Amino acid sequence: MIDAGTEFGPGTAYGNALIKCGETQKRIGTADRELIQTSALNFLTPLRNFIEGDYKTIAKERKLLQNKRLDLDAAKTRLKKAKAAETRNSSEQELRITQSEFDRQAEITRLLLEGISSTHAHHLRCLNDFVEAQMTYYAQCYQYMLDLQKQLGSFPSNYLSNNNQTSVTPVPSVLPNAIGSSAMASTSGLVITSPSNLSDLKECSGSRKARVLYDYDAANSTELSLLADEVITVFSVVGMDSDWLMGERGNQKGKVPITYLELLN
């Protein structure tokens, strides 16, 4: 946008508006990068470290606890089935060992799970920081766009709306020498007047023929698109802006800018 605005010219309303829009987009981009960096540092990195570190450790210890419980259940079952005194003594010894291992693993798992409470509190703070960072980002973007809206609102109103009651006449970028002359010229048996004399048509009744000097794309449905060198019928309408005429081509009709026409007599 900034490059396009520079090409249009910073001194023009549209070029200046493009530059201001481009600068606002750059500020929004900077705020977006800051949000990404803040989110990665204060929220995503701690969460990733927990999932890849503490959470895996807890899951591993819980699985070990489950295995120890299965070993303990198996030892209890063997003790119940033991009949001989020697076998019973061996089963009781095995039960004491498996019970001790289960209790130790249960304590390890309990301590790890208790540590999750403090971990949850830490990640809750990280989540709050993330939400606050988003709020700051959206507030910045809103303020940037609000400032841009005020800056664009300082331009002349005819640059901001296509619905003005008074139309702005398009001005061709290059005008042939014939247009600058007020003298009458003869071309193919037709007498051509300069566009400066087209305003005289406003005071005349009836329609006249006019040759189109340049291509023109209609800005809305009330205007008529034009092709260079075509001949159309033009006439004035009461109350219409002095820089415009009503043009007619076959069954098509719409406003046309005077500066794009040469009147044919």
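What follows is a friendly dialogue on reading this predicted model.

Me: What should I know before I start?

Reply: This is a predicted model, where local features need pLDDT of at least 70 and side-chain atom pairs count only at pLDDT 80 or more, while totals for chains, interfaces and linings use all residues. Residues are numbered from 1 along each chain as its sequence is written, and side-chain values use heavy atoms, with hydrogens and water left out.

Me: How many helices and strands does the chain have?

Reply: Helices (H or I, at least four residues) and strands (E, at least two) are DSSP runs, numbered from the N terminus. Here there are four helices and seven strands, and their pattern along the sequence is α-α-α-α-β-β-β-β-β-β-β.

Me: What does UniProt list for residues 58–85?

Reply: The unreviewed UniProt entry gives "coiled-coil region" for them. UniProt positions are given in the numbering used here, feature names are shortened, and annotations may be inferred rather than shown by experiment. In the model, this span is 89% helix and 0% strand, and its end C-alpha atoms lie 41 Å apart.

Me: Is threonine 24 buried or exposed?

Reply: Buried means under 20% relative accessible area, exposed over 50%, and partly exposed in between (1.4 Å probe, protein chains only). Threonine 24, in helix 2 (residues 13–81), has a relative accessible area of 0%, so it is buried. Over the chain of 265 residues, 29% count as buried.

Me: Which residues does threonine 24 touch?

Reply: Contact means heavy atoms within 4.5 Å. Leaving aside residues up to four places away in sequence, threonine 24 touches Tyr144, Met145 and Leu148. For the chain, take contacts between residues at least 6 apart in sequence: 58% of them join residues at least 24 apart.

Me: What sits over the face of tyrosine 144?

Reply: A charge sits over a ring if NZ of Lys or CZ of Arg is within 6 Å of the ring centre and within 35 degrees of the ring normal. Over tyrosine 144 you will find arginine 27, at 5.6 Å from the ring centre. Another case is tryptophan 244, whose ring has the charged end of lysine 255 over it, 5.2 Å from its centre.

Me: How do I read the pairing of strands?

Reply: Two strands pair if DSSP finds at least two bridges between them. Strand 3 pairs with strand 4 in the antiparallel sense over five bridges, and with strand 7, also in the antiparallel sense, over four bridges. Arginine 211 shows both pairings: it stands opposite valine 231 in strand 4 and opposite glutamate 262 in strand 7. Strand 5 and strand 6 (residues 252–257) are antiparallel too, over six bridges, with tryptophan 244 bridged to proline 257 in strand 6.

Me: Which residue in the turn between strand 5 and strand 6 has a positive phi?

Reply: Most residues other than glycine have a negative phi. The hairpin of strand 5 and strand 6 has two residues between the strands, and glycine 250 in the turn has a positive phi of about 60°. Aspartate 229 has a positive phi as well, near 75°, in a residue other than glycine. Aspartate 229 is in the loop between strand 3 and strand 4 and counts as exposed because its relative accessibility is 55%.

Me: How many residues are in the largest nonpolar core?

Reply: In soluble globular proteins, nonpolar side chains tend to be buried together. A nonpolar core is a set of buried Ala, Val, Leu, Ile, Met, Phe, Trp, Tyr and Cys residues joined through side-chain atoms within 4.5 Å. The largest one here has 18 residues, and those with the most contacts inside it are Leu226, Ile232, Val234, Leu245, Val256 and Leu261. Strand 3 (207–212), strand 4 (231–235) and strand 5 (244–249) are the elements that give two or more residues to this core.

Me: How many aromatic pairs are there?

Reply: Rings of Phe, Tyr and Trp (its six-membered ring) pair if their centres lie within 6.5 Å; planes under 30 degrees apart count as stacked, over 60 as edge-to-face and the rest as tilted. The whole structure has five aromatic pairs. In one of them, tyrosine 214 and tyrosine 260 have ring centres 5.7 Å apart and planes at 85°, so the pair is edge-to-face. Tyrosine 214 is in the loop between strand 3 and strand 4 and tyrosine 260 in the loop between strand 6 and strand 7, so the pair ties together parts that are 46 residues apart in sequence. Tyrosine 216 and tyrosine 260 also pair edge-to-face, at 5.2 Å centre to centre and 65° between the planes. Tyr214, Tyr216, Trp244 and Tyr260 form one aromatic cluster.
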